[in-house]
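Biologist: I'd like to go through this one with you and hear how you back up the labels you use. Can we bring it up?

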Amino acid sequence: MPVPLFDTSTPLAPLRAEIDAAIAGVVDSAKFILGPEVGAFEREFAAYCGAGHAIGVANGTDALTIALRALGVGPGDEVVVPSFTFYASAEAIPPTGARPVFCDIDPETFCVTPESVRAALTPRTKAVIVVHLFGNVAPVAEIEALGVPVIEDAAQAAGSTTPAGRPGALGSLATFSFFPSKNLGGFGDGGAITTSDDELAERVRMLRFHGSRDKVTYEHIGYNSRLDELQAAILRVQLPHLDGWADGRRAAGRHYEEAGLGELVALPVPTDGAQPAWHLYVVRSERADDVAAALREAGHGHKVYYRTPVHEQPAMREYAGDAELPGTAEAARTHLAIPMSPVLSAEQAAEVTETVRALDLAVR
Ligand SMILES: Cc1ncc(COP(=O)(O)O)c(C=O)c1O
């Protein structure tokens, strides 16, 4: 049986009646923007993350730009960001007036390291964006110890945990996306910023609403960027299930390990102590194209996400400089996402693994 790349429908099916009721509640209330559902979701999501505040915004890209602005990032500043990530992680920087400076990743974890960030720091560095890529968790404390504020791009890491806490509570600020396919996904666009710093939270709240506290006085050039009531109501139904889904994602990873996939391709390696809620399960192989072709032939889902890293994208050329990013290049060349979801069974993991095994890969 073909195994899909991801499955967002099966986990949501048992929640259908509750979601319908939540939507109906918002329609009946006729409050669609910054009403009680957003307020309640912000409190519940902050508590879930272990952060003092969560502030809903329109999407994960705005979340990054607003988080940077809240930190005071502006023209003349540099922001360190990995190149092996979704384009938006870096795209969010130039609208603040600052320049992205690209740093390398460890291809085994797909995350930045203290060393790769240190190599990109200059006196103009105002902030570092670390990306908890594919649900793995970058080493935030070690990077913040370098003396620059860290923004966690946690778009892909809702549900992951570490001994030091969850993404969302590890850096100065963190940003989330609730794009429908994410670990916690709405039925449209949505995002949030978390922080435990009261002043930063206040600034974020103003920035998402035209730079105003009261719609009378406008203190900043801000944004019209709000999570809407319908999305918040839908996310509130899902949030209590996020940990269970995260457990399902971790179990799916174990199914691949137990099926012996690690003998055939390089499996993703959790960073020290992290328990990733794998958003995507991304393996590496020098024969990634052959693995992809075999999976395609068998009807199994697979996808290459970031073959051209961000610093090589046309719009980023002016920022790319002469960055040498060998880990990025290796990950870009060899990565391949294979099926992952909270409900991926041992049988499905075994089917995917046997398809790869049939290729008779002598080496990874
Ligand atoms: C790592 C990362 N950063 C940022 C974003 C941007 O989020 P959004 O699509 O909600 O703007 C995404 C997801 O799309 C992402 O995967």
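Biologist: Which residues touch the most other members of the largest nonpolar core?

Modeller: Bear in mind that this is a predicted model. In the largest nonpolar core, which has 59 residues, F84 and I129 touch the most other members. Helix α4 (residues 60-70) gives the most to this core, six residues.

Biologist: What does I129 touch, leaving out residues up to four places away in sequence?

Modeller: Its contacts are L64, L68, V79, V80, V81, P82, S89, I93, I151 and D153. Apart from that core lies another one, with 21 residues, including Y48, A158, F176 and A192.

Biologist: What makes a set of residues a nonpolar core?

Modeller: Buried residues of the nonpolar kinds have to be joined through side-chain atoms within 4.5 Å. As a rule, nonpolar side chains in soluble globular proteins tend to be buried together.

Biologist: On to the backbone. What is the phi of L34?

Modeller: It's positive, about 45 degrees, and L34 is not a glycine. L34 sits in the loop between α2 (16-29) and α3 (36-49).

Biologist: Why is L34 called partly exposed?

Modeller: Its relative accessible area is 34%. Buried means under 20% and exposed means over 50%, so L34 at 34% counts as partly exposed.

Biologist: And where is H210?

Modeller: H210 is in the loop between α8 (198-207) and α9 (229-238). H210 has a positive phi of about 60 degrees and is not a glycine.

Definitions and conventions: Residues numbered from 1 in each chain as written. Predicted model: local features only at pLDDT ≥ 70, side-chain atom pairs only at ≥ 80, totals over all residues. Heavy atoms only, no water. Buried < 20%, exposed > 50% of the residue type's maximum accessible area, 1.4 Å probe, protein only. Helix = DSSP H or I, 4+ residues; strand = E, 2+ residues; numbered from the N terminus. Contact = heavy atoms within 4.5 Å.
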